[in-house]
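Have the structure open as you read.

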Amino acid sequence: MTVAPTITTARLTLRHHVMADFAPLHAVLCSERAHYMGGPFSLKDSWQTIAAETGSWSLLGHGSWAVERTEDGALVGQVGINKPAHYPEAEIGWMLCSGFEGNGYVTEAAAAALLWAWTSMGASSLVSYVTPGNSRSAAVAERLGAKVDRAAPLPLGETPDDTIVYRHYAPDSDGGMEA
Amino acid sequence: MSFHQIDPILAVPAAADALRLTENYTLRPILHHWMGEIHAGRCAARAKGCNMNNERKPYPRLVSERLLLVSPADPEFDANAAFLNPGAPRFIDAAEDPDSLWWSIATIIGHWHLHGYGLFAVVERGTGTAVGLVGPWFPKGWPEPELSWHLMEPGRGKGYASEAAQCVLDWLFSDAGWETIVSYVPEENDASIALARRVGARPERPVSFRLQPAPNIRAWRHMPPPRVSGPQAAQGFLH
């Protein structure tokens, strides 16, 4: 796998990043919206984040997708399965551009990425790292069925004050849907 | 010419003949691929040897006298083995920090995905070892693309940086259709200034842009060689 596979959902298209994605994503990353992601990010850090999560597909076979609204091609945000060196395991994360809130787009895109992780990537579980206080992201994780995993290892240098670990399980690994 | 792309049929046996199969894992998939094509007597390097990038264009592979230059995003190049796995030669200032090293390599590969060009992995043909990264670099915040070079310890002191830089310049100007590129060189970096001169760059004014990599930077401009004496003159720098 060298590039993100294109995945379509009812309303969204997940696809590999292109250069035109940078401006709208940087607009999120350089704003207060990125507070819980360790931002606001400088231009340099935004570039490195987006480029690295794109290049990650070559290195690891997973990485980030641009999330487009299929109907009009608008970039609504990003969903990614990433494992930079300081993460003990792969994390699914998400980011929504301003103006697209309240539609359930993040949940729809992340559910599609999770399904891809279980069926194509062969993962049996993924985590989401949520900053305490980020209730919107915690709600998305819970809506996706993730459970808080207090025993999970944290990213290098982080403590439970910095990060809550939610864990998503593949359907057949918890005796669920496919049993 | 001081480079050729691994695309025309004649280039493949010539390049592969000079490459020794070694125990080095970095190049093995590419080497096996070439050798397989040669044994089969086919010209498939053109048809399937170059893998497609996101824009469905083949990733270029360049060969100079002692070096192979390959995109680290090329699916047949093992960038983990070359740059990230324990024991791989370290480069950049991130040497001791695996986290920033991962981000640097992932960013360099992502640059190829997003721009369709970027830093080539510089592979020593004699050993199959990746010894550096050289190529056009245009992150957000740069005023224009930069020809950038990084040599890791095992590759230093052998003239590889200028050989690789010249190879990339020849490709940019003759094959990729570029008309100019700069190198941003710190005024106190004598080695890089000598290298810029050696590959024919000319000094311009000191530059200042918000995200410049260091203080006291001067732009050194590379231009295509004059048509008449171009490639021959360039090759002169290789020896």
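At roughly what angle do the axes of helix 1 and helix 2 of chain A cross?

## Helices 1 and 2 of chain A

Keep in mind that this is a predicted model. The crossing angle is roughly 120 degrees, and the axes of helix 1 (residues 22-29) and helix 2 of chain A come within 10 Å. Angles of 65 to 115 degrees count as roughly perpendicular, so helix 1 and helix 2 of chain A end up oblique to each other. As for handedness, helix 1 of chain A goes past helix 2 of chain A in a right-handed crossing.

Who does the touching? Helix 1 of chain A brings A:Phe22, A:Leu25, A:His26 and A:Leu29, while helix 2 of chain A answers with A:Leu43, A:Ser46, A:Thr49 and A:Ile50. Sorted by class, that contact of helix 1 with helix 2 of chain A has 5 nonpolar, 3 polar and no charged residues.

## Where chain B meets chain A

Now for the two chains: 23 residues of chain B are in contact with 21 residues of chain A. On the chain B side, the elements giving two or more residues are helix 4 (79-84) and helix 5 (98-115). Helix 5 of chain B gives the most, with 14 residues. The side of chain B that touches chain A is made up of 13 nonpolar, 8 polar and 2 charged residues.

## Helix 2 of chain A against helix 5 of chain B

Helix 2 (residues 43-60) of chain A turns up again here: its axis and that of helix 5 of chain B come within 6 Å and cross at roughly 85 degrees. That makes helix 2 of chain A and helix 5 of chain B roughly perpendicular to each other.

From helix 2 of chain A, the residues in this contact include A:Ala51, A:Ala52, A:Gly55 and A:Leu59; from helix 5 of chain B, they include B:Trp103, B:Ile105, B:Gly110 and B:His113. By class, the contact of helix 2 of chain A with helix 5 of chain B splits into 9 nonpolar, 9 polar and no charged residues.

## The nonpolar core

The largest nonpolar core runs to 100 residues, and those with the most contacts inside it are A:Ala109, A:Ala113, B:Val122, B:Ala164 and B:Val168. Helix 6 (residues 160-175) of chain B supplies the largest share of this core, 10 residues.

Zoom in on B:Val168: leaving out residues up to four places away in sequence, B:Val168 touches B:Leu69, B:Phe120, B:Val134, B:Gly135 and B:Leu147.

Technical notes. Residues numbered from 1 in each chain as written. Chains lettered and ligands numbered in written order. Predicted model: local features only at pLDDT ≥ 70, side-chain atom pairs only at ≥ 80, totals over all residues. Contact = placed C-beta atoms within 7 Å. Helix = DSSP H or I, 4+ residues; strand = E, 2+ residues; numbered from the N terminus. Nonpolar A, V, L, I, M, F, W, Y, C, P; charged D, E, K, R; others polar. Axes fitted to C-alpha atoms, helices over the stretch in contact; angles between N-to-C directions. Parallel < 35°, antiparallel > 145°, perpendicular 65-115°, else oblique. Left-handed = near helix turned anticlockwise from the far one by under 90°. Core = buried A, V, L, I, M, F, W, Y, C linked by C-beta atoms within 7 Å. Buried ≥ 20, exposed ≤ 12 C-beta atoms within 10 Å, placed from the backbone.
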